[in-house]
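Open the model in your viewer and keep the selection panel at hand. Each stop below says what to pick and what is there.

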Amino acid sequence: MGKMSELSLLMKELNQCGETLIGISQSLSSMFSSSDEPTPAKSAPEEKAITLEEVRAVLAEKSRDGHTSQIREILQKYGADKLSEINASDYPALLAEAEVLGNG
């Protein structure tokens, strides 16, 4: 990987981290700026968002187990050559596909 493409990848990841921090900051601000009344519980439990790091960890493990070509096929199915090019909304489905590699 060239230095410029590596730098570009790092900049994208840094940008995603910044967006995550902004979201956390806004959530905290809304929690503490509201009145002292407790907020009503949501009717449906909120599903924890899957992070890039979680997906990357699973894909790295599957790659070490010899499933690199299948991982590349999964990434290409989502229109990307690299994990960082995948839309975060596709992480759950991608992760589900990757987790079954080697289990059959």
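What covers the buried residues of helix 4? Helix 2 and helix 3 are among the elements that do. The model is a predicted one.

**Stop 1: helix 4**

Select residues 91-99, which make up helix 4. Now highlight Y91, L94, L95 and A98, which are buried. These residues span an arc of only 100 degrees around the axis, so they sit on the same side of helix 4. An α-helix has 3.6 residues a turn, so residues three or four places apart point the same way.

**Stop 2: helix 3**

Move to residues 68-77, helix 3. Pick I71, I74 and L75, the buried residues of this helix. Look down the axis of helix 3: its buried residues fall within an arc of 100 degrees, so they line one face. Their cover includes helix 2 and helix 4. Turn to the other side of helix 3. R72, E73, Q76 and K77 are exposed there. Then step past the end of the helix to G79. This glycine follows helix 3 and has a positive phi, near 75 degrees.

**Stop 3: K77 and E97**

Show the side chains of K77 and E97. They form a salt bridge, with the closest N and O atoms 3.0 Å apart. The pair links distant parts of the chain, since E97 belongs to helix 4 and K77 to helix 3, 20 residues apart. Check the accessibility of each partner. K77 is exposed, with a relative accessible area of 58%. E97 is partly exposed, at 22%.

**Stop 4: E13 and R56**

How many salt bridges does the structure hold? It holds two. For this stop, select E13 and R56, whose side chains meet in a salt bridge at 2.8 Å, N to O. E13 lies in helix 1 and R56 in helix 2 (residues 52-64), so the pair ties together parts that are 43 residues apart in sequence.

Is E13 buried or exposed? It counts as buried because its relative accessibility is 19%, and the cut-off for buried is under 20%. R56 is partly exposed, with a relative accessible area of 32%. Next, show the contacts of E13. Not counting residues up to four places away in sequence, E13 touches L52 and R56.

**Stop 5**

E13 is found in helix 1, residues 3-33. Stay with this helix and select M31, which is also found in helix 1. M31 is exposed, with a relative accessible area of 53%. Together with M31 they form a nonpolar patch on the surface. The patch has about 560 Å² of accessible area in total.

**Stop 6: H67**

Finish at H67, in the loop between helix 2 and helix 3. H67 counts as buried, at 15% relative accessibility. Which residues is H67 in contact with, leaving aside its neighbours within four places in sequence? They are K62, L101 and G102. Draw a distance from the C-alpha atom of H67 to that of L101. The separation is 7.1 Å, for residues 34 places apart along the chain.

Note on methods
Residues are numbered from 1 along each chain as its sequence is written. This is a predicted model: local features need pLDDT of at least 70, side-chain atom pairs count only at pLDDT 80 or more; totals for chains, interfaces and linings use all residues. Side-chain values use heavy atoms; hydrogens and water are left out. Helices (H or I, at least four residues) and strands (E, at least two) are DSSP runs, numbered from the N terminus. Contact means heavy atoms within 4.5 Å. A salt bridge is a side-chain nitrogen of Lys or Arg within 4 Å of a carboxyl oxygen of Asp or Glu. Buried means under 20% relative accessible area, exposed over 50%, partly exposed in between (1.4 Å probe, protein chains only). Patches are made of residues with over 30% relative accessible area and no salt bridge: like charges are joined within 9 Å, nonpolar side chains (Val, Leu, Ile, Met, Phe, Trp, Tyr) within 5 Å. Accessible areas come from the Shrake-Rupley method with a 1.4 Å probe; for residues, only the protein chains shown count as cover. The arc is that of the directions from the helix axis to the C-beta atoms.
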